[in-house]
Amino acid sequence: MKITHHLDDSTLMSCAAGSQPEALAAVVSSHLAVCPRCRAELREHTLIGEALFDALEPEPVVREAPAVQVRAGDATVRADAAMELPRELVAALEGRFDEIAWRRAAPGVWHFPVTLSEGAKGDLRLLKVSPGTKLPEHGHGGSELTIVLDGAYSDEFGTFRRGDVADLGDDAQHRPIADPKQGCICLAASDAKPRFTGWIARMLQPLAGI
Amino acid sequence: MVQVLESVRANRHPYPVKIPRAMSDLLQKVAQSRDVEAFRKLFELYGPRVKSYMMRQGADPTLAEDLAQETLLTVWRKAQLYSDEKGSATTWIFTIARNLRIDRLRREVAWQPLPENRDEEASDAPDPEEQVTERERRDKVRAVLATLPADQSEVVMLSYVEGLSHSEIAERLGLPLGTVKSRMRLAYQKVKEAVEDIR
């Protein structure tokens, strides 16, 4: 997989800090799963976290170290093999795009909300756009991320294929067209509180009046 | 926050001096020989720091203490995943604490697994020279953080130490989101340049 569109440094910093809203973290994690370059950058960002963690004024602990035992089975923990999609996403989708209960949003556009944790704000959603469908011009707020999971789309910023992430600034406007042969499946996240608002609604409004 | 910033600025360690190499050795002992004594030492060294981290992220002292216990228990359970070729013990424990914080304090899923879970680049054992570089890098990062302009170090601290998202930082400081992000980018570029210098 050749990745050409990467995560912004500020997005990686928030990821290393563990300060990203869950919906955005899902998209970031999906990109990191397939992008060695961003994984390497993330390690550099983590050095900052380590340095700051190291410099914290220690808070005396009251209790002793927790009791631990050497149990059989402890040694069976092992690293996961490289994944194409984060495990959490595979679990949420049961791994199959073709069996998702897509909801029709507009002509040529379907969506499927991914359930977030109870404490999470924001919105995480799969979008499926049929081959050759042109979406109306729309903008993105600063806290929205989109990754291509299947197919491709093209816009003013280039062609976004599997694994590419759109980490756009506040002022970015674009007019994406889904790949004429494969169409496009994306995972889109926003940290906006109300569900199904933000750019997806803005984008679809002219199409569906929702 | 001010206290931490000051100690970072003064390039001074507010905690008894330790040698990172020894941390990794302790963790290796826990991993390889399930050494309970090494685990106790790790707890003594990291427990207070994890507790401090959790309190800055909004936990009260009791909860912070629970989370410090749980962080170190996770270290014990997952020690086999740790390899000192793949980074320092502190980074590893920081990551565990960070993910636990997301899970318990924010009640969200931590989407980033431990850095070791899929680290294809880390297969070569580090030679002694690289270990020196690792230590140098750590010192360098700390030194650069101490020299960041106040507006940049502020957003970095709010992100890493207080656990605020981009939007929350923008709201807290009354700044446009784009300004928060560009300050982060600038801060990171400085750290990165400094670290690359010693490669």
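Me: Which residues of helix 3 of chain A are buried?
Reply: This is a predicted model, and a residue in it counts as buried if 20 or more other C-beta atoms lie within 10 Å of its own. Helix 3 covers residues 36-54 of chain A, and its buried residues are A:C38, A:E41, A:H45, A:T46, A:L47, A:I48, A:G49, A:E50, A:A51, A:L52, A:F53 and A:D54.

Me: How many Å does helix 3 of chain A reach from its first C-alpha to its last?
Reply: Helix 3 of chain A has 19 residues, and at 1.5 Å a residue the expected span is 27 Å. The reach from the first C-alpha of helix 3 to the last is close to that expectation, at 27 Å.

Me: What share of the 210 residues in chain A is buried?
Reply: Chain A is built with five helices and 10 strands. Taken over the 210 residues of chain A, the buried share comes to 46%.

Me: Are helix 4 and helix 5 of chain B roughly parallel or oblique?
Reply: Two packed helices are described by the angle between their axes and the distance between the axes. For helix 4 (residues 61-78) and helix 5 (residues 89-104) of chain B, the axes lie 9 Å apart and the angle is about 125°. That angle makes helix 4 of chain B, relative to helix 5 of chain B, oblique.

Me: How many nonpolar residues are in the contact of helix 4 with helix 5 of chain B?
Reply: From helix 4 of chain B come B:L67, B:E70, B:T71, B:T74 and B:V75, which meet B:I93, B:I96, B:A97, B:L100 and B:R104 in helix 5 of chain B. By class, this contact has two polar and two charged residues, while the number of nonpolar residues is six.

Terms used
Residues are numbered from 1 along each chain as its sequence is written. Chains are lettered from A and ligands numbered from 1 in the order in which they are written. This is a predicted model: local features need pLDDT of at least 70, side-chain atom pairs count only at pLDDT 80 or more; totals for chains, interfaces and linings use all residues. Helices (H or I, at least four residues) and strands (E, at least two) are DSSP runs, numbered from the N terminus. A residue is buried if 20 or more other C-beta atoms lie within 10 Å of its own, exposed if 12 or fewer, and partly exposed in between; C-beta atoms are placed from the backbone. The expected span of a helix is 1.5 Å times one less than its number of residues. Axes are lines fitted to C-alpha atoms, for helices over the stretch in contact, and angles run from 0 to 180 degrees between N-to-C directions. Angles under 35 degrees count as roughly parallel, over 145 as roughly antiparallel, 65 to 115 as roughly perpendicular and the rest as oblique. Two residues are in contact if their C-beta atoms, placed from the backbone, lie within 7 Å. Ala, Val, Leu, Ile, Met, Phe, Trp, Tyr, Cys and Pro count as nonpolar, Asp, Glu, Lys and Arg as charged, and the others, Gly among them, as polar.
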